[in-house]
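Subject: Structure handover

Hello,

Please find the structure below. Notes on what was found in it follow.

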Protein chains: 2
Amino acid sequence: MSIIADSSGARSPGSFRHHDKVSEISEGLRRAIFEHRLAPGTKLSEDEVGEVYGVSRTLVRAALQSLAHSDLVSIEKNRGAFIARPSVREAREVFEARALIEPKVANMAAGRITQENVLSLRDHLEAEHAANAAGDKGAALSLSGNFHLEIADIADHQVYSQFVRMLVSRSSLVIALYWKRPDTTCESHSHMALVSALEQGDQQGAEEIMLSHIIDLRSGLDLNQKASSELSLAEALQRGK
Amino acid sequence: MSIIADSSGARSPGSFRHHDKVSEISEGLRRAIFEHRLAPGTKLSEDEVGEVYGVSRTLVRAALQSLAHSDLVSIEKNRGAFIARPSVREAREVFEARALIEPKVANMAAGRITQENVLSLRDHLEAEHAANAAGDKGAALSLSGNFHLEIADIADHQVYSQFVRMLVSRSSLVIALYWKRPDTTCESHSHMALVSALEQGDQQGAEEIMLSHIIDLRSGLDLNQKASSELSLAEALQRGK
DNA sequence: TGACCAAAAAATGTATACGATCTGTCATTT
DNA sequence: AAATGACAGATCGTATACATTTTTTGGTCA
């Protein structure tokens, strides 16, 4: 399962060092989910994951429980852990919550953004553009999500930051399941507009752009499927060992 | 430490059965925190907790990690788990988030509340009143928090419900640390007004009442303390073994 | 008496062992 | 041939054992 273990050589210099093994595992899995290298419903065997990271089941279990708490994986008693498969209803709820919280966060971010932050965001946009140009879907998705997290960090509000982190993570799963046009990349047009508003300190504008961006994202989903179970079955068969 | 193990005989009939030992532990601890039987900063030794619940450290550890993820306890590497001690900043953030989310939740709840729900809420109010009258501070606090959770459940929105649960839990710690007048009970006046608005399906009204209630709650806190560390020391000495 | 260092005690970090539960297969029965 | 039941393999749930780190203790020296 080399899908899970990311090469992890391509990090920004001086990047975060994981002194903690279990967060190393959970972050690795989280990244894999972000980049759609792990599909919803995939089974995460404790032994298997443990072998990949060279640790015992104890630590893997802790990491899985952590992810379960963010609803990224679901743990079924005596059956094991699986990448979560958000229901249509949960998908709706996630985007509804994002539409409430993230505009507020963007507003706050516009109020305290620094020039350094702007540069960082512009770098981010450039990376997004490059990933899209290169057709690297996984990287593009991951960057797109991280863009929202970066704004939350700029807002400098730990609680909102935590919420946004949870919502963006789950959105990644929702997109994997319900995105309408598999080829279409999430256009980063509104991201650019957002950075402009932020840079000018236009709180109201940033808030509005973020709201319409979230609504836009949501409109790219097909949440009218009747039986998620049908898809579930098909998916399950497709990926059956 | 009989403080932790609640008698748990006084549950409503047909109440929730914990098939899961670790959630039994974490819920027990959570309740103890809710009712201020466990003060912020208290150390939660794995052995000690395990002995109380008659399980090994493995399960205790899982429960503590679960609570840590909700920021109810903080785990320090190689030092152990402690009941969290929210900073002034976090206290502000928690109530800011509540002021954003809970009014929205109240609005939704007003839109789909049933007669059964209303009766349940009224029961709740009565219990609150009784606890206040009896001077049972712990029960009153716990009930007051659960009132908000019950409204979130009525709104029937899992994501918001989860957020409210986290915020209310943390609020309990914030109140333990920063409440201005230790004797004053959180008056349940606004709770009554809230139930009335909900019952009438007055979404706008419920939303507004909830917002002012949250603001009111926040105004009962003293968040101007300079050094939380000073209080920390005092508290530590007071409770020092 | 007070500060400092060493050794012991206690608590946590991690791995492993064993029992319980689930899943799938295969033989047996109708 | 289909269905049922039992057995085997795999996986998870929990406890325990050992390693590592922290904290305390106790004694020595200034």
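By class, the surface near DNA strand D has seven charged, six polar and four nonpolar residues. Here Ala, Val, Leu, Ile, Met, Phe, Trp, Tyr, Cys and Pro count as nonpolar, Asp, Glu, Lys and Arg as charged, and the others, Gly among them, as polar. A residue is near a molecule or strand if its C-beta atom, placed from the backbone, lies within 6 Å of it.

Before the rest, the conventions. This is a predicted model, in which local features need pLDDT of at least 70 and side-chain atom pairs count only at pLDDT 80 or more, while totals for chains, interfaces and linings use all residues. Residues are numbered from 1 along each chain as its sequence is written, and chains are lettered from A and ligands numbered from 1 in the order in which they are written.

DNA surfaces

DNA strand D is surrounded by 17 residues, and the closest are A:Glu46, A:Gly80, B:Ser56, B:Thr58 and B:Asn78. At least two residues each are supplied to this surface by helix 2 (46-53) and strand 3 (80-83) of chain A and by helix 1 (21-34) and helix 3 (57-69) of chain B. Helices (H or I, at least four residues) and strands (E, at least two) are DSSP runs, numbered from the N terminus. Helix 3 of chain B gives the largest share of the surface near DNA strand D, with three residues.

Around DNA strand C there are 14 residues, the closest being A:Ser56, A:Thr58, A:Asn78, B:Glu46 and B:Gly80. Helix 3 (57-69) of chain A and helix 2 (46-53) of chain B each supply at least two residues of this surface. The largest share, three residues, comes from helix 3 of chain A. The surface near DNA strand C has six charged, six polar and two nonpolar residues.

Chain A against chain B

A rotation of 180° with 0.0 Å of shift along its axis superposes chain A on chain B, with an RMSD of 0.1 Å. That is the relation of a two-fold axis. The superposition is by least squares on the C-alpha atoms of residues with pLDDT of at least 70 in both copies.

In the interface, 15 residues of chain A are in contact with 15 residues of chain B, contact meaning that the C-beta atoms of two residues, placed from the backbone, lie within 7 Å. On the side of chain A that touches chain B, helix 3, helix 4 and helix 7 (158-178) of chain A give two or more residues each. Helix 4 of chain A gives the most, with six residues. This side of chain A divides into seven nonpolar, five polar and three charged residues. Of the interface residues of chain A, 100% are also interface residues in chain B, so the copies meet through the same surface.

Axes are lines fitted to C-alpha atoms, for helices over the stretch in contact, and angles run from 0 to 180 degrees between N-to-C directions. A:Glu90, A:Glu93, A:Val94 and A:Ala97 of helix 4 of chain A meet B:Gln158, B:Val159 and B:Tyr160 of helix 7 of chain B.

Within the chains

In chain A, three strands form an open sheet in the order 1-3-2, with antiparallel pairing. Two strands pair if DSSP finds at least two bridges between them. Strand 1 (43-44) and strand 2 of chain A are the edge strands, each pairing on one side only. Four bridges join strand 2 (residues 73-76) of chain A to strand 3 of chain A, and A:Val73 has A:Ile83 as its bridge partner. These two strands form a hairpin with three residues between them, where A:Asn78 in the turn has a positive phi of about 65°. Helix 3 of chain A lies across strand 1, strand 2 and strand 3 of chain A, at about 115° to strand 2.

Chain B also has an open sheet of three strands in the order 1-3-2, with antiparallel pairing.

Regards
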